[in-house]
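Welcome! Here is a short tour of a protein structure, written for someone just starting out. Take a moment to look at the picture before reading on.

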Amino acid sequence: MSALLRLRGITKVYPAVVASDRIDLDIEPGEIHAILGENGAGKSTLMKLIYGVSQPDEGTIQWQGKTVHIRSPAQARQLGIGMVFQHFSLFESLTVAQNISLAVKGSIKQLSAQVEETGEKFGLPIKADTVVHSLSVGERQRVEIIRCILQNPKLLIMDEPTSVLPPQGVQQLFETLRKLRAEGCSILYISHKLEEIRQLCDTATILRAGKVVASTDPAEHSNESLANLMIGRTIDPPVHAPANTGTSNRLRVKSLSHVPTDPFGTVLKDISLHVSPGEIVGIAGVSGNGQNELMRLISGEELHTIDDAGELRINDTCVNRLNPLQRRTLGLGFVPEERLGRGAVPELSLSLNGLLTAYRHGLTRLGMIRFGAARDFARQCIAEHDVRCGGEQSLAGSLSGGNLQKFIVGREIALQPSLLVLSQPTWGLDVGAANNIRRALLQLRDSGAAVLVVSEELEELFEISDRLHVMFDGHLSPSLPTRGTSTTQIGRWMSGEFLQEAATGAENH
Amino acid sequence: MAYRLVTRTETSLRAQLLVPLAAIVLTLLAGSVLFSLLGKNPLAAFHAFFIEPLSTRYGIGEVLLKMGPLLLIAQGLAIGFRARVWNIGAEGQLLAGAMAASALALHFDTSESAWLLPAMVCVGTLAGAAWAGIAAWLRTAFNANEILVTFMLSSIALQLLYYLVSGPLRDPMGLNFPQSALFSDAAMFAPLLDNTRVNNSLFLALAASLLAWIFVQRSLSGYKLLIGGLAPQAARYAGFSEKKAVWLGLLIGGAAAGMAGVGEVAGPLGLLQRSISPGYGFAAIIVAFLGGLHPIGIVFAAFFMALIYVGGDMSLVSVGLPNSSATIFQGLLLVFYLACFLFANHRLQKVEIRH
């Protein structure tokens with residue numbers, strides 16, 4: 001039997017880097033095939049080549065035994081290749097069925113029936129007449145998957161699908177993917193989560209620096225041996241020594257309630273938390289439960305209004321009415337979730353991106369930029385955090401997501417904040433890069449800084465944080481010492497169980 | 001076969017230089033079609049437009065005379081445009097500057113002080129900034145769109161000018177003509193070249209260009225404005241105030257336009273009258289973009305635009321082209337520039353349509 005998709009000698013060269021280097025890949029009908037690799041290993045490039053977003057410089061692509069040139073995603077879809085991107089492409093103000101009708105032929109009525117029927121069949125329950133903005137991220141992903149399935153794909157590409165899902169959702173998704181496989185659909189599964197790949201995938205192709213280093217059955221490997229193949233060296237997980245907490249509070253949030261300016265944002269309800277010097281506090285939760293709103297309030301990008309209740313204090317100063325700059329002067333450092341366009345400006349060099357928050361630290365004189373000092377600062381961030389790029393004059397937009405994140409985190413740490421707040425610090429990063437960042441955060445903690453981390457990745461929070469909160473529907477749970485709790489408990493809280501516990505607790509008193 | 005636009009991943013410096021050049025070439029081509037339709041020889045028309053002005057001392061003087069205000073205003077506007085603050089009312093700010101400076105000149109009409117002219121420059125600059133400041137205040141306090149406000153303020157400034165020249169500032173000895181008395185010599189810029197009308201106010205524009213270059217390329221304030229334009233979210237993240245950017249962007253543009261207004265009344269005009277500027281405030285928008293919003297590019301763009309102004313006048317006489325040909329040229333240039341600019345950031349991709 002011939003392979004469904006066969007790549008031979010695929011090479012794609014970008015000005016600075018060989019993104020794909022003579023790649024051979026065979027995908028059999030009805031298999032779940034993992035593509036595993038570090039950031040910048042060439043996973044995204046390879047997907048783009050298969051999905052027709054860009055074209056290879058050399059090599060051939062065979063689809064069901066015939067050589068094809070895939071020139072556009074539309075052509076890829078005609079061949080029977082579907083893709084679910086990491087960032088969804090749905091119109092928030094349209095219903096599920098309306099969104100799908102933009103890609104699939106048929107009346108809204110027919111489609112609604114098809115959507116719900118397909119959803120039923122593959123374990124993706126969804127109501128076709130719901131407006132997308134009211135859906136959770138997991139539900140939006142279902143819509144994306146259903147949209148692909150309705151186009152009868154023979155190959156479905158999934159880019160980091162579990163990064164947006166809670167633990168229970170991951171198992172549901174796996175069930176769906178297995179059902180699809182049973183129907184004869186092949187799945188190309190891109191991930192850097194080794195455990196998932198071992199559980200789900202039939203074959204794993206491992207990329208390193210644009211080359212295929214191995215193609216193997218992941219179930220026959222341990223996480224360690226897969227990680228070794230991926231990065232070509234062993235990784236030491238950071239040692240999680242107990243916190244040496246000071247008594248003062250670097251950040252104190254007291255009974256904070258807030259109605260965001262964004263009408264689709266989550267309303268924050270009576271949130272209290274504190275972070276002391278020398279500890280890392282984590283906030284777990286499925287995204288979209290108010291984490292972004294809380295982060296913007298703490299950073300000062302969104303201001304606490306007069307109608308809102310509660311108080312925010314940084315280093316014992318009330319910051320309710322202070323702008324982001326004034327909060328930074330009080331010792332706040334902040335790493336936002338969006339790297340491009342918020343944490344960094346893609347059109348500017350790393351050197352000018354360093355200036356973005358570091359300009360107060362001796363990079364200007366009499367209102368003029370000291371370009372030499374700015375370059376030195378950027379070079380220092382690049383060197384200390386192993387940012388792989390063409391130097392401090394590379395444009396931020398030309399770096400891979402992981403490397404840009406290393407630069408942004410490096411920049412904020414270099415400013416020696418007494419309180420560092422991070423949102424999804426290792427989102428989409430490979431094991432090596434993520435470990436570097438986590439190690440840097442622990443170092444910062446041990447030097448006496450207070451650190452607050454919002455993350456969707458439970459493993460990460462368990463690995464680095466000393467105390468854990470969970471966010472659900474704008475509520476924040478009480479904190480639990482990380483060492484005395486389990487993923488099961490946090491997982492239950494992530495679906496809001498702490499609210500009921502609080503309610504029953506209140507009744508009992 | 002169909003085509004569609006695809007966003008380019010990188011914009012090259014080469015593309016950025018090619019865009020204004022391509023726009024100029026296309027303008028010339030379209031212009032020659034128009035001239036041919038009018039029954040004029042395009043080559044003669046172009047000769048009148050682009051060669052004649054530069055072949056006489058007087059012509060060069062006229063080009064420099066027009067280049068001054070265009071350069072000054074465009075430098076100011078470009079700083080705002082880079083921060084995505086859209087001040088399109090420089091014409092009104094120019095008038096505000098002209099009126100304020102005139103009021104000062106007419107009040108001290110017997111003065112021979114060397115300080116009169118500098119004082120007029122200061123007052124005019126402040127008046128231009130204040131006029132733009134109204135738009136900044138409305139934008140920051142009520143989120144009123146600055147495009148509409150600055151544009152409407154231009155009309156108001158024009159009405160104010162009509163009122164002044166037919167009332168408070170009218171020349172009592174002027175036979176009821178709607179214009180002021182002539183300024184004294186102390187209220188006028190000294191001529192720069194003999195037998196031309198160009199005057200020392202050109203140095204203000206050149207100095208402003210140097211300042212603009214330093215501001216844009218070297219200063220932290222310029223950097224903050226740039227970030228606000230490129231990535232508003234990043235500016236908020238870094239704590240750069242959006243309100244400050246709006247104020248700064250509008251005030252700088254207004255100040256430059258106001259100063260240009262002083263240059264007109266204290267230069268070629270020598271009095272306040274109903275018509276002060278042949279649309280410098282609007283043409284400067286084209287100049288700013290044609291110069292790629294870059295202080296050095298704007299110097300070339302201002303020269304080119306001034307050439308079109310003077311060439312339009314000359315072709316009127318020597319080839320008999322209609323009065324409006326200069327305006328048409330400007331319009332063509334802007335349209336082609338915008339069209340070409342699209343291709344600096346996008347490219348065409350062939351799409352095969354299957355049936």
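Predicted model: local features only at pLDDT ≥ 70, side-chain atom pairs only at ≥ 80, totals over all residues.

Chain A and chain B touch each other, with 21 residues of chain B in contact with 31 residues of chain A. Inside the protein, the count is three cavities of 30 Å³ or more.

- Three residues stand out here: L220(B), Y223(B) and Y237(B) supply 33% of the area that chain B buries against chain A, more than any other three residues.
- What kinds of polar link join the two chains? There are ten residue pairs in polar contact between chain B and chain A, while the count of salt bridges between them is zero.
- On the side of chain B that touches chain A, α7, α8 (220-230) and α9 (232-238) of chain B each supply at least two residues.
- The largest share of that side comes from α8(B), with six residues.
- Sorted by class, the side of chain B that touches chain A has eleven nonpolar, four polar and six charged residues.

**The largest cavity**

- The volume of the largest cavity is about 130 Å³.
- Its lining is made of 16 residues, and those nearest the centre of the cavity are G68(B), P69(B), S201(B), L202(B) and G263(B).
- Three elements of chain B give two or more residues each to this lining: α3 (57-82), α7 (201-218) and α10 (242-269).
- By class, the lining of the largest cavity has eleven nonpolar residues, four polar ones and one charged one.

**Salt bridges**

- How many salt bridges are there over all chains? The count comes to 28.
- In one of them, the side chains of R6(A) and D26(A) meet at 2.7 Å, N to O.
- R6(A) sits in strand β1 (residues 5-13) of chain A and D26(A) in strand β2 (residues 18-27) of chain A, so this pair ties together parts that are 20 residues apart in sequence.

How values were computed. Residues numbered from 1 in each chain as written. Chains lettered and ligands numbered in written order. Heavy atoms only, no water. 1 Å grid on protein atoms, 1.4 Å probe; cavity = no way out; pocket = protein on both sides within 12 Å on 5 of 7 lines; lining within 4 Å. Points joined across faces, edges and corners; volume = space filled by probe spheres on them. Helix = DSSP H or I, 4+ residues; strand = E, 2+ residues; numbered from the N terminus. Nonpolar A, V, L, I, M, F, W, Y, C, P; charged D, E, K, R; others polar. Contact = heavy atoms within 4.5 Å. Buried area = accessible area lost by both parts, 1.4 Å probe. Salt bridge = Lys/Arg side-chain N within 4 Å of Asp/Glu carboxyl O. Polar contact = N/O pair within 3.5 Å; in protein donor to acceptor, adjacent residues only side chain to side chain.
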